[in-house]
Amino acid sequence: RRMRHWLVACVVAALLWSVTAVQTRYSISEEVNEGTVVGNIAKDLGLDKSTLKDRKYRVVSSNADLLHVNQNDGVLSVSREIDREEVCAQSSACLIHLKIVLENPLEIHNIEVEIVDVNDNSPSFPEKEKRLEISESVLPGARFQLKPSHDRDSGHFSVQQYKLSQNDHFRLEVRDKGEDGKIPILVLHKSLDRETAGSHSLVLTALDGGKPPKSGEMTIL
């Protein structure tokens, strides 16, 4: 009986030993064409290409529909166009975790594919026009917080700055709230005089960090 337990333990240990925890990382830009090569996993892991089909070389992942492997040459390719914002929302890093599985003997390799953001979205405000009613008795220095612009892109391609059209009565302040983005604040710079001007029209522009930057506008009345 002791011998049987010892043999079972040896078999289990051998199986566990064959399950590897190799971590390999690749990166591709979002929205590349279907069929774009990500990397040659078999070559990078030193696998024998001639045995891949017999060993049922395959991808196991919740995102297996995005990427696939070729059992003939071991190449990992894009199955369909990948929208980074769809897969990872606005996360600072977008990583797809894959497990590459082979049988006889069992091997499991951990693969990470980073989806690199491209500047494919423009900033947009929740409303195209914002109406503010400000009494002429309001003193200079009064602040009016505005709704920020949103950009589906992340990092450097998200909203980086705001600009206010040239005028004599208002200036712009921007409050940086870190991960919550930048908040535009309209500041009354010079007292209003209804007799001189009954209304004012301003344009607030949001710009992202692209080169050239993409932008979005909101009119303030």
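Biologist: Is Asn104 buried or exposed?
Modeller: Asn104 is exposed, with a relative accessible area of 64%. Exposed means over 50% relative accessible area, buried under 20%, and partly exposed in between, using a 1.4 Å probe and protein chains only. Bear in mind that this is a predicted model, where local features need pLDDT of at least 70, side-chain atom pairs count only at pLDDT 80 or more, and totals for chains, interfaces and linings use all residues. Residues are numbered from 1 along each chain as its sequence is written, and side-chain values use heavy atoms, with hydrogens and water left out.

Biologist: Where does Asn104 lie?
Modeller: In the loop between strand 6 and strand 7. Strands (E, at least two residues) and helices (H or I, at least four) are DSSP runs, numbered from the N terminus. Asn104 is not a glycine, yet its phi is positive, at about 55 degrees. The peptide bond from Asn104 to Pro105 is cis, with omega near 0 degrees.

Biologist: Which other peptide bond is cis, with omega near 0 degrees?
Modeller: The one from Lys211 to Pro212. Pro212 is in the loop between strand 13 (202–208) and strand 14 (215–220).

Biologist: And what is phi of Lys56 near?
Modeller: Near 55 degrees, which is positive in a residue other than glycine. Lys56 sits in the loop between helix 2 (41–45) and strand 3 (58–60). Its relative accessible area is 47%, so Lys56 counts as partly exposed.

Biologist: Back to strand 7. Why does His109 count as buried?
Modeller: Because its relative accessibility is 4%. His109 is found in strand 7, which covers residues 107–116. Its side chain makes a polar contact with the side chain of Glu107 at 2.8 Å. A polar contact is a pair of N or O atoms within 3.5 Å; within protein, one must be able to donate a hydrogen and the other to accept it, and residues adjacent in sequence count only if both atoms are side-chain atoms.

Biologist: How many residues line the largest pocket?
Modeller: There are 20, and those nearest its centre are Gln90, Ser158, Glu179, Asp180 and Gly181. Strand 10 (residues 159–164) gives the largest share of the lining, three residues.

Biologist: What about the second largest pocket, what volume does that have?
Modeller: About 310 Å³. It is lined by 17 residues, and Ile134, Leu192, Gly198, Ser199 and His200 are the closest to its centre.

Biologist: Last one, the whole chain. How many helices and strands?
Modeller: Three helices and 14 strands. The C-alpha trace spans about 100 × 40 × 20 Å along its principal axes. Of the 221 residues, 35% count as buried.

Notes:
On a 1 Å grid over the protein atoms alone, a cavity is a set of points where a 1.4 Å probe fits but cannot get out, and a pocket is an open set with protein on both sides within 12 Å along at least five of seven lines; lining residues have an atom within 4 Å of a point. Grid points are joined across faces, edges and corners, and a volume is the space filled by probe spheres set on the points.
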